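Please work through the exercises below with the sequence and the structure at hand. Each task is followed by a solution in steps.

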Amino acid sequence: MIDAHCHIEQKDFDNDRDLVIEECKKELKAIITSACEIENFLKTIEIVKKHKNFVYACFGLHPEYIKEISEKDVENFFDFVKENLNFVKGIGEVGLDYFWIKEDYWRNKQKELLERIVEFSREIKKPLVIHCRDAYKDLIKILEQEDAKKVLLHLFGALDLVKVIGENDFKITVGPIVDRSNKHKEIVKTLDLEYIMTETDSPWNNPNNRNLRNIPLNVKFVCEKIADIKKIDLKEVIEKTSKNAIEFFDLNES
Ligand SMILES: [Zn+2]
């Protein structure tokens, strides 16, 4: 099992991060964390170094923070990634968020930034991890226009656009939300396993709204749910989703 999208660098884990990671090592093959605040980038590299061949990292500028992202930040981000390529498994999370950002001016800024980032990811040959909320049509337009190839749509939720995944050979992650959302269940039912990875988005997105702390280990609930929905063996879900993540993030090469 692999948690292909979480945020293990977040302060929620500051008190017991190593313990949580050691616990995860007992059952998971890998954790891929997405650091999307510049102030957490160096901290993330330290975590990756400490848990080599288990914790891997993506780096991004989250679209939700568009109003605080300066041109200097964007340049610093590109420089940081280029200088630390050995530690970069992907660019993310990046994307569009029209749920939090309502003004046209700022939505356009998100689009411009995303176009630059897609171009950059192609240049450095790293995959993209995309966050999208209420903006799938614009997102797909940019990805197709920029000819983005290796794309993971984290917590993909656009049932009406599900055919785009297969057409472009994009991947998606399924998270704990699948337990309570019929739309996400339908997406899992529709898509072949070859397009699916598993995630927790921890420390956020509690599984089942239970009073559980969300840690990467909870991908096991997601795997069980997928097996349930697709009426297939849990072992098959674990094997295929892990293989997908290993290939997508080139985990064997490190
Ligand atoms: Zn996330």
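This is a predicted model: local features need pLDDT of at least 70, side-chain atom pairs count only at pLDDT 80 or more; totals for chains, interfaces and linings use all residues.

**Exercise 1. Describe the overall build of the chain.**

Step 1. The chain contains 9 helices and 8 strands.
Step 2. Its radius of gyration is 17 Å, close to the 18 Å that the globule rule gives for 254 residues, so the chain is as compact as a globular protein of that length.
Step 3. Along the principal axes, the C-alpha atoms fill a box of roughly 45 × 40 × 35 Å.
Step 4. Of the 254 residues, 43% are buried.
Step 5. Among contacts with a separation of 6 or more, 73% are between residues 24 or more positions apart.

**Exercise 2. Identify the residues at the centre of the contacts in the largest nonpolar core.**

Step 1. Recall that in soluble globular proteins nonpolar side chains tend to be buried together.
Step 2. The largest nonpolar core has 70 residues, and those with the most contacts inside it are Leu 128, Ile 130, Leu 139, Val 151, Leu 152, Leu 153 and Ile 172.
Step 3. Strand β3 (residues 55-59) gives the largest share of this core, 5 residues.
Step 4. Take Leu 153 as an example: leaving aside residues up to four places away in sequence, it touches Ile 130, Cys 132, Phe 170 and Ile 172.

**Exercise 3. Determine which residues of helix α5 are buried and which are exposed, and how they are arranged.**

Step 1. In α5 (residues 136-145), the buried residues are Leu 139, Ile 140, Ile 142 and Leu 143.
Step 2. Viewed down the axis of α5, these buried residues fall within an arc of 160°, so they line one face of the helix.
Step 3. The buried residues of α5 are covered by elements including β4 (90-97), α4 (104-124) and β5 (128-133).
Step 4. After α5 comes Asp 147, with a positive phi near 55°.

**Exercise 4. Check the length of helix α9 and locate its buried face.**

Step 1. At 1.5 Å a residue, the 15 residues of α9 (residues 234-248) should span 21 Å; the end C-alpha atoms are 21 Å apart, which agrees.
Step 2. Val 237, Ile 238, Thr 241, Ser 242, Asn 244, Ala 245 and Phe 248 are the buried residues of α9.
Step 3. These fall within an arc of 155° seen down the axis of α9, so they line one face of the helix.
Step 4. The cover over them includes β1 (2-6), β7 (171-174) and α8 (219-230).
Step 5. Asp 250, which follows α9, has a positive phi near 50°.

Key:
Residues are numbered from 1 along each chain as its sequence is written. A residue is buried if 20 or more other C-beta atoms lie within 10 Å of its own, exposed if 12 or fewer, and partly exposed in between; C-beta atoms are placed from the backbone. Helices (H or I, at least four residues) and strands (E, at least two) are DSSP runs, numbered from the N terminus. The arc is that of the directions from the helix axis to the C-beta atoms. Two residues are in contact if their C-beta atoms, placed from the backbone, lie within 7 Å. The expected span of a helix is 1.5 Å times one less than its number of residues. The radius of gyration is taken over C-alpha atoms; the globule rule is 2.2 Å times the number of residues to the power 0.38. A nonpolar core is a set of buried Ala, Val, Leu, Ile, Met, Phe, Trp, Tyr and Cys residues joined through C-beta atoms within 7 Å.
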